[in-house]
Amino acid sequence: MQGVLTGFAVIAVVIAVGYVLGVRGHLGPQGREVLTRLAFHVASPALLFTTLATADLSVVFSSRLLVTALSTAAVAGVFVAVGAARRWGAGRTTIGALCSGYVNSGNLGIPIAVYVLGDASLVAPVLLFQLVLVTPVAVTILDLSGGGGKGPLWRRLLTPVRNPIAVGSLAGVAVAASGLRVPAPVMDPLTLIGNMSVPAVLLAFGIGLCGSTMPLRGVERRPVLLAVALKTVGQPAVAWALAAGVFGLRGAQLLDVVVTSALPAAQNLYTYASTYGVGERLARDAILVSTVVSVPVLVGVAAVLG
């Protein structure tokens with residue numbers, strides 16, 4: 001329980017600082033946009049590269065990762081099906097699908113893995129799966145459904161290699177797969193820049209809360225409720241059913257996959273929504289509400305399976 005509370009406390013404090021910055025206007029009217037662009041175009045690609053370049057890619061073939069991939073696909077598929085039926089649009093539906101299954105495996109998942117599961121590396125399969133596969137696919141869809149979807153066919157086909165998030169992820173995987181060691185004069189500055197990513201995202205999120213209406217109101221109420229329900233209840237339930245019923249995981253291994261699946265929606269999804277100008281309210285509210293709701297869910301999972 002201490003790990004759950006510690007992880008959420010860290011996030012809450014940084015978001016609160018961002019909110020105060022927004023209220024006082026210290027960063028000016030464009031503060032949120034600057035932080036968002038900094039995170040998306042510079043800091044996050046650097047963080048993804050440095051994380052993946054030194055990662056053990058063998059975790060990709062673990063049964064835990066397969067459970068994560070299948071549970072993510074299941075809840076995202078439900079949101080996509082509802083979004084298509086309701087005609088919410090490709091970009092908005094993509095953001096909602098991400099909020100339904102893309103867990104906060106970094107700034108929240110790591111401390112919870114340390115304090116609840118006892119090993120920070122246990123969150124690595126989820127982190128790699130999201131960075132290597134989910135993120136490049138999602139940002140490509142957002143590119144093609146927005147401004148990136150216009151222009152000649154060859155330009156559209158090159159969308160993944162023009163997106164900084166995708167480039168950072170794929171470059172890191174390439175380095176890890178090749179076994180090359182990036183020299184310190186190159187890696188150290190990238191690490192320093194990458195360390196700005198999580199604070200920038202959280203501060204921008206906090207600034208975005210200034211002057212905003214209460215969540216679960218307006219036209220985004222139903223998409224938000226659907227995304228939160230899928231994220232906080234649907235995904236951990238599917239992960240538990242797959243892990244215990246299909247893959248036969250028990251004990252600590254079962255606890256690992258269910259806890260990581262019960263993590264709330266990641267804050268960087270708000271960065272994607274803001275960057276592409278689609279589903280910003282949906283992302284903001286879904287992240288906020290899922291973060292609050294996931295606290296009792298994670299405590300309950302840890303108590304029952306731990």
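Helices here are DSSP runs of H or I with at least four residues, strands are runs of E with at least two, and both are numbered from the N terminus. On that basis T68 lies in helix α3, residues 63–86.

Some notes on the source. This is a predicted model, where local features need pLDDT of at least 70 and side-chain atom pairs count only at pLDDT 80 or more, while totals for chains, interfaces and linings use all residues. Residues are numbered from 1 along each chain as its sequence is written, and side-chain values use heavy atoms, with hydrogens and water left out.

Now the chain as a whole. The protein chain has 15 helices and zero strands. It has 306 residues, of which 48% count as buried; buried means under 20% relative accessible area, exposed means over 50%, and partly exposed is in between, with a 1.4 Å probe and protein chains only.

Back to T68. Is T68 buried or exposed? T68 is buried, because its relative accessible area is 5%. Leaving out residues up to four places away in sequence, T68 touches V126 and F129, where contact means heavy atoms within 4.5 Å.

V246 is in helix α12, residues 221–246. V246 has a relative accessibility of 57%, so V246 counts as exposed.

C210 sits in the loop between α11 and α12. With a relative accessible area of 23%, C210 is partly exposed. Outside four places in sequence, its contacts are Y19, G22 and V23. C210 and L21 are 189 residues apart in sequence, with 9.2 Å between their C-alpha atoms.

Last, the helix pair. At what angle do α2 and α11 pack? Helix α2, residues 31–53, and helix α11, residues 197–208, pack at about 155°, with axes 8 Å apart. The axes are lines fitted to C-alpha atoms over the stretch in contact, and angles run from 0 to 180 degrees between N-to-C directions. That makes α2 roughly antiparallel to α11, a term for angles over 145 degrees. Residues in the contact include L35, A39 and L47 of α2 and V201, L203 and I207 of α11.

That is the end of my part.

Notes
Parallel < 35°, antiparallel > 145°, perpendicular 65-115°, else oblique.
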